Number of protein chains: 2
Amino acid sequence: MTGALYVIGTGPGNPEQMTLEAQAAVAASTLFFGYKPYLDRLELRPNQERHASDNREELARARAALDAALAGKTVCMVSGGDPGVFAMAAAVCEAIDADRETYGAVPLSIVPGITAMMAVAARLGAPLGNDFCAISLSDNLKPWTVIETRLRAAASAGFAIALYNPISKARPLQLGKAFSTLREILPNSIPVIFGRAIGRPDEAIQTVPLADAHPDMADMATCILIGNAHTRVVPRDGQPDLVYTPRFVPEAENE
Amino acid sequence: MTGALYVIGTGPGNPEQMTLEAQAAVAASTLFFGYKPYLDRLELRPNQERHASDNREELARARAALDAALAGKTVCMVSGGDPGVFAMAAAVCEAIDADRETYGAVPLSIVPGITAMMAVAARLGAPLGNDFCAISLSDNLKPWTVIETRLRAAASAGFAIALYNPISKARPLQLGKAFSTLREILPNSIPVIFGRAIGRPDEAIQTVPLADAHPDMADMATCILIGNAHTRVVPRDGQPDLVYTPRFVPEAENE
């Protein structure tokens, strides 16, 4: 008898930022797949089995989870943030697509979660309060020319930009190249937010003008938000600066 | 003594898709502001007061909530979805910015929620599984030329696109214009998803090729997702079609 596969997002890491629906999927599952730091966020019962894996190998992990569901298990694939944003939902879909006859009938439920850019934005105000985009800087899966084209298009058209997977030991240079590209297009004063591990004990967040943004300010766990030309930084008494992008765009703007 | 202001998102509408953090903010608050259908999603106690309002008037609503917090109340401003995505967080920031001396010291907590595009995407697979953007089609706050520039830039650079505020009685024409613009750039076969009221009893979702996308398929409560040239529709035995955008972009692509 076929089991089921849940693909869930834990949100940024604080269990308070999970949805009830995701928590119910965790409670219903007996076998868990995912990157170890994400599995570590869950409080599992002794009879709930964990298959922790490296951050790469997404497709193999997706197949293993689908196979376990086919074998009758109720399986939970765990992503950080939202599973549909640079995470495991696409890998599971790719595995099903590549072998529809085997995997097409597996009951699949994808459960959304709070993705990093929303958690970072909420901490500071509303930097994504107008049109915005999300770009992964990892060139493991797409050529750098595509990433650069998308950065230029987004900045030129006035989108606020969220950068995912900004930097890693294997990819130390992409973020610096991205900042250089953006500085060719955007004013130096545009706010850049580095948000790390929101809601976790090691949370860190800082806002600097684009002129001062440096790759050293980010690590693998950082999501970076870049404002548009209208994004404002508002100092407040006794509270952190507010950063927001107004809902309106002036009539005169010729973008 | 100053109270506090929470700005929360209910997610798409099903209480199961709220976070624990948002539920805790609701439990702690005594006075609620927001668009009536969003307030109706909350199960409030008899001593929790509601100030329901029209969907316009965001800035006046923000000021009223800040004034109540200044007067010592614990106030909850309720958005659907995520408060930072075309919702009340930016309006609250604008109200604070316009009167920093009065409102700058109000303790403000913005609590993220599941935004519509993530909920729609999760229902079908991973249509936002690669780089994507979110665009509001409302030209109440920005000129149509800006919206059209952003649609062209996003489609030309290969972003998947989520359209918010696609249509209303007062704005019946924008969505048709947007589809026309996108048809000039994108292949007619690209999947377009109309997702409505996800997780609520009147949920409805359909996927059509761009050639067949029509404004009649949307209403105010619809979020529309448009794939990129690589987005795939996968038929499955006894389950709805899967729609996903692969994580990889082929090396050969010259975008």
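Trainee: What is the bridge partner of Cys133(A) in β7(B)?

Mentor: Good place to start! In this predicted model, Cys133(A) has Cys133(B) as its bridge partner in β7(B).

Trainee: What makes strand β7 of chain A and strand β7 of chain B a pair?

Mentor: Pairing asks for at least two bridges between the strands. Here 3 bridges join β7 (residues 132-136) of chain A to β7 (residues 132-136) of chain B, so the two strands pair. They run antiparallel.

Trainee: Why is the link between Glu58(A) and Arg247(B) called a salt bridge?

Mentor: Compare the distance with the cut-off. A side-chain nitrogen of Lys or Arg must lie within 4 Å of a carboxyl oxygen of Asp or Glu. The closest N and O atoms of Glu58(A) and Arg247(B) are 3.6 Å apart, so the pair qualifies as a salt bridge. The count between chain B and chain A is 10 salt bridges.

Trainee: Which helix gives the largest share of the side of chain B that touches chain A?

Mentor: That is helix α4 (residues 88-98) of chain B, with 7 residues. By class, this side of chain B has 45 nonpolar, 16 polar and 17 charged residues.

Trainee: How many residues are in contact, and how much area is buried between the chains?

Mentor: Contact joins 78 residues of chain B with 78 residues of chain A. Between them the two chains bury about 6,600 Å², with 58% of it on carbon and sulfur atoms.

Trainee: Why give an area for an interface?

Mentor: The size of an interface is often given as the accessible area lost when the parts come together.

Trainee: Now to one helix: what makes α6 of chain B largely enclosed by the rest of the structure?

Mentor: Helix α6 (residues 116-124) of chain B has 9 residues, and 7 of them are buried, so the helix is largely enclosed by the rest of the structure. The buried ones are Met117(B), Met118(B), Ala119(B), Val120(B), Ala121(B), Ala122(B) and Leu124(B). Just after α6(B) comes Gly125(B), with a positive phi of about 145°.

Trainee: Why is Asn165(B) called partly exposed?

Mentor: Buried means under 20% and exposed means over 50%. Asn165(B) has 32% relative accessibility, which falls in between, so it counts as partly exposed. Asn165(B) lies in the loop between β8 (160-164) and α8 (174-185) of chain B, and has a positive phi of about 45° although it is not a glycine.

Trainee: Where is Phe86(B) found, and what is its phi?

Mentor: Phe86(B) sits in the loop between β4 (74-79) and α4 of chain B. Its phi is near 50°, a positive value in a residue other than glycine.

Definitions and conventions: Residues are numbered from 1 along each chain as its sequence is written. Chains are lettered from A and ligands numbered from 1 in the order in which they are written. This is a predicted model: local features need pLDDT of at least 70, side-chain atom pairs count only at pLDDT 80 or more; totals for chains, interfaces and linings use all residues. Side-chain values use heavy atoms; hydrogens and water are left out. Contact means heavy atoms within 4.5 Å. Buried area is the accessible area (1.4 Å probe) that two parts lose on being put together, summed over both. Helices (H or I, at least four residues) and strands (E, at least two) are DSSP runs, numbered from the N terminus. Ala, Val, Leu, Ile, Met, Phe, Trp, Tyr, Cys and Pro count as nonpolar, Asp, Glu, Lys and Arg as charged, and the others, Gly among them, as polar. Buried means under 20% relative accessible area, exposed over 50%, partly exposed in between (1.4 Å probe, protein chains only).
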